[in-house]
Amino acid sequence: MQTEKLYYEDAYIREFEAEVISCSRLTDGKDGTVFAIELDRTAFYPEGGGQTADTGYMCIDGNDRVRILDTREKEGRILHYADYPIEPGTKVEGLIDWDRRFDHMQQHSGEHIVSGMICKRFICDNIGFHMGSDTVIIDYNADVDRVSLNEIEAEANRYIWEAHESRIFFPDKEELDKLHYRSKKEIAGDVRITEFPGADICACCGTHVKNSAEVGLVKFISLQHIGKGTRIGLLSGKRALDFLSMNFEQNSEVAKAMAASLDKTASVYLKQKEELKEAKFRASEAEEKYLKYEAEKYRDKGNVLVFEDGLTADGVRKYCVILGETAGGRCAVFSRDKDAGFKYAVIYPGHDIREFIKTMNSALSGRGGGKDGFAQGSVQAEEGQIREFFSSVLA
Ligand SMILES: [Zn+2]
């Protein structure tokens, strides 16, 4: 027996009475969704057409509540996945998680309005629709550009605020042949048409808002070119508001930290980025000057071991190269790390130091290496151990 689909007649039914027809244990049940309950009638929308399933409760005698975790349609039968069994013949009251359903209705209806507009402008089809828990993804077989998308967003919001009544109807074959409508797939039997007059006519079995005004707002949040098509991220209604609120919060934090106004955070950031780049360049020049000055103390000293704290890995490398040129022997620079151990660089121009570095890494719990007379890495050892290793090597 096919379940009577109350959500087809009225998408706003949140509570309904029904009788349990069957209840069976699911063999592939997981996470507590172990029973499939079938009713004679239901307002629970099963997953389908890109719209996610309803969840909610079934109440027995206004008391015991059985959680409905998922709803699926199999060969015209609607199966409610529950965490507890209910005897066939039991009268139940179904309670839909309305916040979740209304969110789906907003996302779905928003998608109709923008898809109608995009497909009309680009003479294309909507070839994919996925409603995730945070984003709605729509694929079109056309190259949709950013400027057009901005225009469509403005047009769709204008349409929403004009408060157009939506219409659901089942045209007969003759009527249907004359009708120009979007269709996501070939449909057998009665075709259910959803219309947002002036924006979209589409064959669809989902749940929609009665009036475009209930969508509230649409916001495109991503645009991605995939092959010859375009993938668009869309948020409608409360999700769009939540997304914009989150962005406002983030931008407010950034604006406060930068002492910038909300509409200037990007330009202030780019200016500061440029300033930081210049400051880094000046600091690097000053560091090099200082390192050259320090290196002079070791002129022509041959083998040298130097400890210099506060250097970056690049600073260690730079100092080592300068020392190599100044002292003329095998030069090693060690700089203390924030956490533990030391960064190092060793240079011995014209010599193969791979064997030496291997021995040093092994003696000082180190890692790293190199070639052509230069090596870089880190060791987990104390300054005393490092000095001791180098003096033993020299001895
Ligand atoms: Zn629809």
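The following dialogue reads selected features of a predicted model.

Q: Into which domains is the protein chain divided?
A: The chain of this predicted model is divided into domain 1 (4–96), domain 2 (102–248) and domain 3 (282–394). The C-alpha centres of domain 2 and domain 3 lie 64 Å apart.

Q: How do strands of a sheet pair?
A: Strands of a sheet pair through backbone hydrogen bonds, and the pairing is either parallel or antiparallel. In this structure, six strands close into a barrel, and their order is β2-β3-β7-β6-β5-β8. The pairing in the barrel is antiparallel. On average, neighbouring strands of this sheet are turned by 45° against each other, direction ignored.

Q: Why is Leu 69 partly exposed?
A: A residue counts as buried with 20 or more other C-beta atoms within 10 Å of its own, and as exposed with 12 or fewer. Leu 69, found in strand β6, has 15 such atoms within 10 Å and is therefore partly exposed. Leu 69 and Asp 54 are 15 residues apart in sequence, while their C-alpha atoms are 7.9 Å apart in space.

Q: At what angle do helix α2 and helix α5 pack?
A: Helix α2 (residues 98–122) and helix α5 (residues 237–258) pack at about 90°, and their axes are 7 Å apart. The two helices are therefore roughly perpendicular to each other. In this contact, Asp 103, Gln 106, Gln 107 and Gly 110 of α2 meet Gly 237, Lys 238 and Arg 239 of α5. Sorted by type, these residues comprise no nonpolar, four polar and three charged.

Q: Which strands stand at the edges of the open sheet?
A: The open sheet has five strands in the order β17-β18-β19-β21-β20, with mixed pairing. Strands β17 (302–307) and β20 (366–371) stand at the edges; each has a single partner strand, so one side of each is left without a neighbour in the sheet. Neighbouring strands of this sheet are turned by 10° against each other on average, direction ignored.

Q: Which helices lie against this sheet, and which strands do they touch?
A: Helix α7 (residues 313–327) packs on the sheet and touches β17, β18, β19 and β21 (374–379); its direction makes about 155° with that of β18. Helix α8 (residues 354–363) lies across β19, β20 and β21 and runs at about 175° to β20.

Q: Where is Gly 341 placed?
A: Gly 341 is in the loop between β18 (328–336) and β19 (342–347). The C-alpha atoms of Gly 341 and Ser 378 are separated by 7.2 Å, although these residues are 37 residues apart along the chain.

Notes: Residues numbered from 1 in each chain as written. Predicted model: local features only at pLDDT ≥ 70, side-chain atom pairs only at ≥ 80, totals over all residues. Domains from an automatic or database assignment. Axes fitted to C-alpha atoms, helices over the stretch in contact; angles between N-to-C directions. Helix = DSSP H or I, 4+ residues; strand = E, 2+ residues; numbered from the N terminus. Parallel < 35°, antiparallel > 145°, perpendicular 65-115°, else oblique. Contact = placed C-beta atoms within 7 Å. Nonpolar A, V, L, I, M, F, W, Y, C, P; charged D, E, K, R; others polar. Pairing = 2+ DSSP bridges.
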